[in-house]
Each structure stands twice: as structure tokens, then as C-alpha cells.
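Work through the exercises below with the structure in view. Each task is followed by its solution.

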Amino acid sequence: MTQAVTTIGKRIFSRSSTGYSRRAPYFFLAPALFMLCVFFFFPVIASFFMSFTDFDIYGLSDISLVRLVGLDNYAELLRDPLFWIALKNTFYFVLIGGPLSIAVSLSAALLINSKLARLKGLFRLVYFTPVVTTLVSVAIVWRYIYHPRFGLLNYVLDIFGIQTIDWLGDPFWAMPSIIILAVWKNFGYNMIIFIAGLQNIPDELYEASKIDGANAVSQFMSITLPMLAPTMLFVGIITMIGYFQLFAEPYIMTQGGPVNSTLSIVLYMYQEGFRWWNMGYAAALAFVLFIIIFIGTLIQLRVQKSGYEG
Amino acid sequence: MKRGHKIILNLVLVLTAAVTLSPIAWMVSVSLMPMGESSTYPPPFFPSEITFIHYYDLFERLNLARYLMNSAIIAVSVTAISLIINSMAGFAFAKYRFRGRDKLFRFLLAGLVIPAQVTMLPLFLMLNKMGFINTYLGVMIPGMASIFGIFLMRQYMLSIPDSLIDAARIDGASDFMVYRRLVIPLCKPIFVTLAIFTFMGTWNDFLWPLIVMTDDSMYTIPVALANLSLEHVQDTELMMAGSVLTILPVMLVFMVLQKYYIRGIMMGSVKG
């Protein structure tokens, strides 16, 4: 076996005049490029075209029944109240949950990175633990924690004299509940990145500003935050991309309810595409999500860039 | 003053740790409670007596071993295959000069902003045509090559000195031999890192296996658990036991290899 592979290898890697094989890099790239082109980039393009068709359950059984409908799916989206609700909910989750999650990550990183902190390694490990848990499992766990009668959260709040809240049953509280779960689950990841960023800031900067009489707050504003700008950009982008894909939490905890208050774009896409098989319509939904994420990334790049120059 | 700061800061650290761990501790604790005990007021944090009946139930009545095995087969296979494919591509990007290399690499990185959900509808149709729905392969295919994995491999391999590779070539090693005998052994740490990322990502993945596995016997553990949780809403203790079993394998892998995992996050963030 090895012998055969070696002979084939020798033939593929016939050497050019320089002694280096010219074909070798393509051989090494081929499997990855093949898989990515066929099972990633091609479906992206196919999805784009699908969004201009009326692909549905009939198309699934007989593809010749699929017709081009131009921009009909997109026009339909604009008229669809559920789409606007899902869009609003998703933005709610991203715009509140994202910054909140980043703020918690940064606070945790600052705490752990402080010279006064003890047992840094242990705390880092503990804070990171939720990141490696399975989202489906912890969504189930939190569903019980949020239970209006027997939930741990209401019990703890009760001790402080706060009235019982029907976390997942109240349209007002359902999305905040999901945000709390998401922050808990994710903050450890960005925390690690922030800790690395903080450790790259030279101590001399802090010492120099101390001599100038700067206090902790002004040090944070004038040294820590500007020096963390590249880290912040990276964290901002990956967090945004991740949060726009909200799905499992509402699927498990609320099924998009109550009264659609936690219906997200991806959950709506899943329901339309894989429950009702309105695949053309679902493809339009997916593409809208992609465009939003793309624009969001561009905006962050632009804002941060102007921040550098300004 | 300084001492006061120190005490407050460490107190905050401890409190945050308690809040962070309490849902996980509560999950484990409730999974050991007799049936119905958690649905009393005030909610007990510790079981009045420890029972493993729910774990027994999950395996005996609810086929959990089957789902765990499905997940294990898929996660281990994807990990092994993706390590080979991504490391080969990373090697080409890091150690060869060929036309369009940097353009191609930038193009791939740009692909990172495309959410996987965009691919899922056509991918489902393709796999359906190929007969891969309800198969392990169907769940595995999108994970076999990953842009992030290629990126991670390339970054690490850039640090291998060219002189080492040249020396091996002068000794008559073929390109494949260089990759197999020199590069892979040197890259062991990054292999471990990417292996953990892929294993955990695949094990924890939910949406794609939910779409591909329509037949009960093929469910991965998160899909099965999600399904159970919608049927057995009242069985808090049972669901907690199921959650513990789902998390346990990834948690063990993480505990043993956390150093490599953390390094991967930091490497991934070096260049966005």
C-alpha cells in the first residue's frame, strides 16, 4: 500500500528544472478546494438563484415544476409581517446581546488580568466552561431555570423581594431571557481574546501615565481601549456574525414564541424551508441574512478605521 | 486601601465564578434527584437522596446509547478527515509559491463572512439527490474542509523554517514525504488544537444534523435531546440527566486538552 502511494506520489511530483515540483501545491490544495467549491461556494450561488424561483414541495419531487419568479420572493418578504418581526427580533438580539456580551467579556478579562487577582488560571477556566457546553443542553437547563414557579432564577430574585417573572412566557421578557443565556454561554470565548489583547499592552504605558497623575478610569479610556481597538474589531465582527445566526435557543426554549417574540431569521428560514418546504422563499430569507451580515461587517470595518484616523 | 481593593476584586471574581458555574452544578444536581423533586417550592439545590434512575432510563428506555454512538462516529470521522484535508491545504498556502496563492487565500478568508445557513437549502437538495439524507456522510460533508481550519494550519506552518524543508528535499524526500514525515510531526500541537475545535464543533452542532437526520435512529445526541425535551417537558430530572450526558464527552475532551483549545482561540484572533 505504502509502496503504491509512493510510486503514485513520485509520478505526480515529477520535478521541474528548479528541483521543486510545480504541481505539488495543487495536489495539496485539491481536496480542500474541491470540498469547499462543491459543498460551500456552489450552494451559496445556487441559493442565490433559488431565491428567484418558486421552489416548493412540488419542486422537491419534480424539479421541472420549479419556475423563475424574479423578485417575487423578495417582494413577498417585504409584505410578510412575520419577516419584519423576525428581523426586528434578530436585530434586538444582536444589538443588545452582542454589546452586552462583549462588555461582560471585557470586564471579566480586566478582572482576571488585574495584578490584584489571585488564582487567575482557575478563574479563567471556570469562566470559560459554558463555552464548551452543548448549546442544546444548556438551553434546556435554562428553560427550567426560567420556570415561573420552580425556576432557580425566580427563587433567587424572590429572596431580594423581586416579583415573580414569567421569563419565557412573557413576550416582553422572552428575548431578554435568551440574551442572558447567550451572554452566559459565550462571554468566556471573547474573554480569552481580550486577555491576550490586554497582555500585549506594554506596562510602560501605564507607568508613564501614572506619573502624569492619571487615575484608573482615564487610563482605561486613554490607554486600554485604544490599544485594544484591533482586538475589539475582531471580537465585534465574530460576535455579530455569530449572534445573527440565532436559532437553537428559541427553537428549544420558546419555539419562537410567545406571540413570535423570539422568532429569529434563521428559525423562520428553518420553518419555511424545512418544515413547509417553501425553499425558494427560505433561500430569499437566507440571502437577506447574508447581506445584513455582510453590510454589518463593512460598517464595523469602516467605523473602526475612522476611529484610528480620528 | 490597596488591600481593600484586592479583597473586593477577588470577591467579584468568586461571585462571578459562582454565577457562571451554578447552572451547570444545578443541572448535575437535579439529574440525581428522585423524579419530581425539582418541581417543588422552594426549588431544592441538592437531591434529598441520590438516584441514577434517570441515567438508567435514558439508556434503557430512550435509546441514548444509539444517539451517543451516532454523535461519536460523526464527530470522530469529521475530525480525522478535516485534519488531513485542512493541513494539506494549509501546507500548500504556507510553504509553496504558486500563481494566485495570496488572492486565493484572501478569497477564502472573505468566505468566512458567509453564514452556513445560506448553503443549507441547496446542500440539502444536493445531498438528497446523492442519497445522503439520513446518513452519517450527509452530516459530515460540510465539515470536512473548513476555511478556519486551513487558516489555522497555514498560520502555524508559516513558522516552520524553509531551510528544514529544503534540507529534506536535498536528502531526496518527495513533496508528499516532506508533508508526511516532516510537517505533520512538527505540527502536532496545531493538529491537536484543530482536532478539539472540530470535534467540539461537530458534537455540539444542531441545525445541520436536525435538517439531515429525519429518521429517529440516526439522530445525533443534541437533536435527540431537543426532541426529547419537547416531548418530556415535565420530566425535569430526566432532561437534566440527558443534558449531562450530552455535555460530558466534550467537557472531558476540553478538560484534558484545554491548553490547546485556548491557544487556538488566540491564534484565530491574531489576524482577523
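A residue is buried if 20 or more other C-beta atoms lie within 10 Å of its own, with C-beta atoms placed from the backbone. The model is predicted.

**Exercise 1.** State what share of the residues in chain B is buried.

Solution. Apply the cut-off to the 272 residues of chain B: buried residues make up 45%.

**Exercise 2.** Describe the fold of chain B by its elements and its contacts.

Solution. Count the elements: chain B has 13 helices and zero strands. Then turn to contacts between residues at least 6 apart in sequence. In chain B, 75% of these join residues at least 24 apart.

**Exercise 3.** Compare the radius of gyration of chain B with that of a compact globule of 272 residues.

Solution. Start with the reference: such a globule would have a radius near 19 Å. Chain B has 23 Å. Next, take the extents. Along its principal axes, the C-alpha trace of chain B spans about 75 × 70 × 35 Å.

**Exercise 4.** Characterise the side of chain B that touches chain A.

Solution. Count first: 70 residues of chain B are in contact with 77 residues of chain A. Locate them next. Helices of chain B that each supply at least two residues to this side include helix 1 (2-31), helix 3 (64-95) and helix 13 (236-270). Finally, sort the residues of this side: 49 are nonpolar, 19 polar and two charged.

**Exercise 5.** Check the length of helix 5 (residues 81-113) of chain A, then find its kink.

Solution. At 1.5 Å a residue, the 33 residues of this helix should span 48 Å. The end C-alpha atoms are 47 Å apart, which agrees. The kink, of about 25°, lies at A:Gly97, shortly before the proline A:Pro99.

Terms used:
Residues numbered from 1 in each chain as written. Chains lettered and ligands numbered in written order. Predicted model: local features only at pLDDT ≥ 70, side-chain atom pairs only at ≥ 80, totals over all residues. Contact = placed C-beta atoms within 7 Å. Helix = DSSP H or I, 4+ residues; strand = E, 2+ residues; numbered from the N terminus. Nonpolar A, V, L, I, M, F, W, Y, C, P; charged D, E, K, R; others polar. Expected span 1.5 Å × (residues − 1). Bend = angle between axes of the 7 residues up to and from the residue. Rg over C-alpha atoms; globule rule 2.2 N^0.38 Å. Buried ≥ 20, exposed ≤ 12 C-beta atoms within 10 Å, placed from the backbone.
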